[in-house]
Every structure is written in C-alpha cells, then in structure tokens.
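Subject: Structure for you to look at

Hello,

Here is the structure I promised to pass on. Please open it and keep it beside you while you read my notes.

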Amino acid sequence: MSEMQDLYQEIILDHNRKPRNFTIPAHANHTAVGHNPLCGDQITVLVELEGGVIKTIGFQGAGCAISKASASLMTEAVKGRTIDEAKVIFEGFHDMVTGVAGAEPEALGKLAAFAGVCEYPARVKCASLAWHTLQAAITEGPTQVSTE
Amino acid sequence: MTERAQPPETAADLRADMLRLREEFPALHQRVRGRPLVYLDNAATTHKPRVVLEAMTRFYAEDNSNIHRGVHALSVRATEAYEQARSTVARFLNAPSASEIVFLRGTTEAINLIAHGLAHCRLRPGDEVLITHMEHHSNIVPWQMACNQSGATLKVVPITDNGELEPGAVERMITDRTRVVSVVHVSNSLGTVNPVREICALAHRVGAVVVVDGAQAVAHMAVDVQEIGCDAYAFSGHKLMGPTGVGTLWARQELLAELPPYQGGGDMIEVVTFEKTTYAKAPAKFEAGTPNISGAVGLGAAVFYIEQVGLDRIHAYETWLLERATEQMQAIPGLRLIGTAPGKAAILAFTLDTAHPHDIGTILDMEGVAIRTGHHCTQPVMVRMGVPATARASLSLYNTPEEIDTLCRAVNKVKEVFQ
C-alpha cells in the first residue's frame, strides 16, 4: 500500500472529501474557468483581490480527488498572500509535481502532500489545474484555461 | 495452427486454448509497478502476436522497397506483399472485390475521406445526415464538417438509459432527405452492438448511403459487409492486433468511383500534365503517396491470425468472460455499469459512487491493471449517462478469468481508499 499512500495521502483524501473554501466569495472581483479536456475536470476559481492581496478565495467545480484536493489546499495556501507570493508558491508547486531537480517540497508546507504526483505524469495536469486557473484569474489575459 | 480450425465445445476447452494463445503476445508478459500486467485496455488498442511483429520485421529485413512501378525484384515482392494484404482484408470482410479495399491511416481517416467526398458529390442544402448519440467523435466531427460545408443538417438518433438506440427512432428519423446514415457497429464506450443490417435496410428505402464504423467490431465478431448490406465499412489495424497507422475503408465500387480523391499526389493518377490530371481508379485514387506498406503487411498478418483463431470462437470466449466479469462487478456495492444493452461486446464501463474514474485508473495502475478512464472520445454519451467520465475495462481473447478477479480486487482497493 505504500505506493498508494505516497499519492493518496490522508490530507489529500481529507480535502477531497471535505474541500475547503468550496464557496463563491461574496465580493469576488476576479474569476477564471479551467478545463482538463483529458478527464473532463472543470474548475472555477473566484478571488477577491484588494491592493494586490488575495483577500478571499473560493472554488467551484467537479473533478478527481487530486484536482479537487489540490484546489482546496491551494485556496488555503494563497489566502492572504500577495499576487507575487502566490506566483512563487505556484512555481515551487509546479517544480515539485513535475519532478524538477532541486524542487523543495518541504518549503511548501501542506502542499508537499502532492510530491508523489511526479511519479504519475498523467496526473500532473490534475494537480496543477487549479493553479493554472488561479493564475488566469489574477493576471491579465484570457479567463479560460485548458491543460491541453 | 490448423488444429485450431475445429471449434471446441466447452468453455473449459476455449479457456485452455486462449491461455495458450496468450503466450504468443510478448508485451503481455511483463510486470508493471512490480505486479504482473493485467491489460484491459483493448478497446483503445490491442497487443500484437509474434506473427505480426515477425511479418513486419521480415518485410523490412528482406522485402523493403517502394511499391508499384518498380521493375526490380524487391519492389515486385513489396508490391505483392502489399496487394496480398489487400486481398486478405477483402476476404476477411467478404468484400466482393479487393479493389474496393482502400488502405488508410485508420478508421478516423476512412470516415473523413468518405464524409469529405460525400460533402462534395452528394450533400446539398436541406439534406440530412443521420448519426447516433453513441458515436465516437471520429464519427461525429467529420459529418459536422461535411454538413457545415454542404448546408446539410446533422440529425442524431437518441439512446436509451442502458445504451441502446431508442426503439423505432432510426425508422422515424430517416426521411426522404436522408442522404447518409453513419453508425457505429460496436460502441467503444458502451459495448452496444447496433443492428446495422436493419439500419441498412431502412436507409436504403430512401437511397441513403450507409457508413459503418467497425473499429470495435472486427476483432470480436465475424463481419460480412455483404450480409450487413452497408455501402462502406471502416476499421483500424491496431484494434485488431495489427500495427498502428494503418486501417481500411471498404466501400462499394460505385461509391468509390463517385467519390472525389481525398488527397493528390503520386500513385493516384493516370496522366499528369500542367493543364489536367486524370485520376487512377480506386483504390489507387485514394492512396496518394507512399502508403504504410509495412503496416499493411502487419495488418494482413493480423487478419490471418484472427482468422486462424476463428472469430466465432473468439466471440464465444469473450462473451463467456464478459458474463463472468459482469456478474462479479455488479456484486461490488456502489459500482454502476454504464452500458448494459443485451448482447453487448466485452466492454465494461463503470463508475464508483465514491471515487472519480481518474483516481480509479491510477489505483488500478498501481495494481498492474491497465484500463482507460475519461470520456473515451464520446463526450455526448457521458452527458447522456449523467457522468463526467467512466472507467473502462475492455477485454480481448487473451484475457483470463483470473485477470477479472484481479480487476475486481483492485476496484475493492479503490473503495477502501475512498471510503
């Protein structure tokens, strides 16, 4: 079962069962929709930005355990952070799930639970969908993203 | 291989026989993530028996040359091998003539060729093209393109909750404006076997052309295009234990003569001048450029292999395996089978109430079990069945009841993780 636990850690299963910030923030002023056409996952990320800070964040949508837990843990990780701080976290997260040498999961706190994803290349898109969607929401440009 | 010619009578005999055949597929005998591979993704592609691999290696090692118009010995041998494959496929489908067999990249290219051609020579504004709700995207999108180009209208036969065509709907939806009916023989996401013979009879009353997508049928049941009565039939080599990148369009001579060329180039012409080009007759008209010669040779070997095993016996064995698997899977609480039409092919699509198909697929992979997850290029079927995706186990002649046991054990592990 160790392989299973590497990928499906208890914290991931918990956030899949009970996603945090699975809400529509009342004062959201930035939003984007992300699709993973490969598996049909769809997620909407809604953000209330105030002075370059993510004041509140919520998400909606349906998908696999990895994508749902990733979205849930992402909202916890970036809430109260500046846009630049969120980008740095995303870069670290992306390096970790894609298996980039020198990635430092321990610097990512709870997000380190996704370190096992790099062993499953087909699932990297599941783990990173919410992050790509957040990036689309808080930066200029298209508000629809696709992992394909 | 001749001792296989007589069908054994019991499931035990069949089982023993198929277990021996399994030895002939090198890729099946490996470990994945430390466990013996259980390959249940045969609707996506099948593994290849040694005879197919050897035929292709032999072609490259001994006969490799470009075909047609060559005067040297290797070119003559390569041409013979290529044309022999065409004859083998014609016999396999009981096509009236080998000249009606066009080698292409696969089913997708075959349907594109015919849809593109019919948009030019048959379809006019107000005409209708009839497909079904269970089509693969490759039998939807080319017809949408053909309709957009010609002004024809695409109509879709609805399906029932268990994944059959709605009774009476084909007859009701065929009108005197119907020019084409294009239907899948066996659904890749539901396993449903469609009544193609009856559909042909209904369509021909109004003079419509019937195209059958046979990608999921040919490796699992005997197909006789004359008995079906269709006008065109397409399949891919790689789902039939042959190589990827080669497939077949069979179409009636008259239809091939009427269709314009799909691509221009070498080998598809009679005379070329800068003022005017006259085209070769079918099948050359549709085989511009150097074709997939080794692929056709491999496909011919695969067809020969399947014929030797016997499609009636393959069908009997897979049906037996499917019944067992269905029973075992239905006993798993929270598992829903998607596609339960009577007489369906050996495809088991399912969902679990607690786990997303993608997570099912990953955990099964950890157990060495290869299945496919997602929409299976049939997004309208997913919407119709009210699921985002399914997990799909699809069987072949080399699968065993023990592998079904492993599948079910692995599904139960998924349930443990996602309690």
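Please remember that this is a predicted model.

Start with chain A. It holds five helices and four strands. Along the sequence they come in the pattern α-α-β-β-β-α-α-α-β. The C-alpha trace spans about 45 × 30 × 30 Å along its principal axes. What would a compact globule of 148 residues give as a radius of gyration? The value would be near 15 Å, and chain A has 14 Å, so the two agree. Of the 148 residues in chain A, 41% are buried. Now take its contacts between residues at least 6 apart in sequence: 60% of them join residues at least 24 apart.

Next, the sheet. The four strands of chain A form an open sheet with mixed pairing, in the order β3-β2-β1-β4. Which strands stand at the edges? They are β3 (53-62) and β4 (144-146) of chain A. Each has a single partner strand, so one side of each is left without a neighbour in the sheet. On average, neighbouring strands are turned by 20° against each other, direction ignored.

Strands of a sheet pair through backbone hydrogen bonds, either parallel or antiparallel. In chain A, β2 (residues 41-50) and β3 run antiparallel, and nine bridges join them. To find one spot in β3(A), look for A:T56, which has A:E48 opposite.

A helix packs on this sheet. It is α5 (residues 124-138) of chain A, and it touches β1 (30-36), β2, β3 and β4 of that chain. The direction of α5(A) makes about 150° with that of β1(A).

Now see where chains A and B touch. How many residues does each chain bring to the contact? Chain A gives 15 residues and chain B gives 14 residues. On the side of chain A, helix α1 (residues 2-7) supplies the largest share, three residues. By class, that side of chain A has 11 nonpolar, two polar and two charged residues.

Last, one helix in chain B. Is α12 (residues 357-366) of chain B mostly covered or mostly open? It is mostly covered, with nine of its 10 residues buried. Among the buried ones are B:P357, B:H358, B:I360 and B:M366. After α12(B) comes B:G368, which has a positive phi, near 85°.

Best wishes

Key: Residues are numbered from 1 along each chain as its sequence is written. Chains are lettered from A and ligands numbered from 1 in the order in which they are written. This is a predicted model: local features need pLDDT of at least 70, side-chain atom pairs count only at pLDDT 80 or more; totals for chains, interfaces and linings use all residues. Helices (H or I, at least four residues) and strands (E, at least two) are DSSP runs, numbered from the N terminus. The radius of gyration is taken over C-alpha atoms; the globule rule is 2.2 Å times the number of residues to the power 0.38. A residue is buried if 20 or more other C-beta atoms lie within 10 Å of its own, exposed if 12 or fewer, and partly exposed in between; C-beta atoms are placed from the backbone. Two residues are in contact if their C-beta atoms, placed from the backbone, lie within 7 Å. Two strands pair if DSSP finds at least two bridges between them. Axes are lines fitted to C-alpha atoms, for helices over the stretch in contact, and angles run from 0 to 180 degrees between N-to-C directions. Ala, Val, Leu, Ile, Met, Phe, Trp, Tyr, Cys and Pro count as nonpolar, Asp, Glu, Lys and Arg as charged, and the others, Gly among them, as polar.
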